[in-house]
Amino acid sequence: LPAWFPPPGSRWGDVIDCVVKHCVAPEDEARYRQVFSPGRLEALFAGGQWDVEDEWRIHSSREGSRWILLKMELARDPYSGHLKSYAVFSDVTAKRDAALRIQKQAETDGMTKLYNKTTTEELIRNRLAQNSGLACALMIVDIDGLKQINDGLGHGVGDEVLRIVSARMAECVRTP
């Protein structure tokens, strides 16, 4: 364990506070504290759930942001009656990064890097279903003369025109 980690026998809350201070990404702090809340763990165990699994980001000065998977089992100590936890932490950053790459490939057009038709339709449906009253816009672009470029100069040149136009469009708009 790192030198900053509390010594054995430390209070549960002190251990959680120390880990949050040194490792947990600020955007995941509330969820981390909730996962390790003694009241929540007691309630889960009393309800018959003896295993807990969750993921969150940690920050490392050497490696930057990493994703950690927690697998924890709860057990009642037969002698003291205290609830004990046995936890295994695994670095799942590579697995999450690979899943995000695959998701991005599935959602975007390989040439233009813009959302594909299926993803665009889903984003529009989700936005309309929100009914939030916030303004939104949909931009549809027709490139005049693209057929003539493809026919006269070849599809390679036409593809390059599409890449240039899509890159300029992406520079001008926010992602959803």
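Seven aromatic pairs are present in the structure. Here, rings of Phe, Tyr and Trp (its six-membered ring) pair if their centres lie within 6.5 Å; planes under 30 degrees apart are stacked, over 60 edge-to-face, and the rest tilted. Select Trp4 and Phe5: their ring centres are 6.0 Å apart and their planes meet at 55 degrees, so this pair is tilted.

The model is predicted: local features need pLDDT of at least 70, side-chain atom pairs count only at pLDDT 80 or more, and totals for chains, interfaces and linings use all residues. Residues are numbered from 1 along each chain as its sequence is written, and side-chain values use heavy atoms, leaving out hydrogens and water.

Now colour by accessibility. Buried means under 20% relative accessible area, exposed over 50%, partly exposed in between (1.4 Å probe, protein chains only). Trp4 is partly exposed at 30%. Phe5 is partly exposed at 25%.

Next, select Trp12 and Phe36. Their ring centres are 6.0 Å apart with planes at 55 degrees, so the pair is tilted. Trp12 is in helix 1 (residues 12-22) and Phe36 in the loop between helix 2 (29-35) and helix 3 (38-46), so the pair ties together parts 24 residues apart in sequence. Helices are DSSP runs (H or I, at least four residues), numbered from the N terminus. Trp12 is partly exposed at 35%, whereas Phe36 is buried at 5%.

Finish at Thr120, in helix 5 (residues 117-130). Thr120 is partly exposed, at 26% relative accessibility.

Notes: Helix = DSSP H or I, 4+ residues; strand = E, 2+ residues; numbered from the N terminus.
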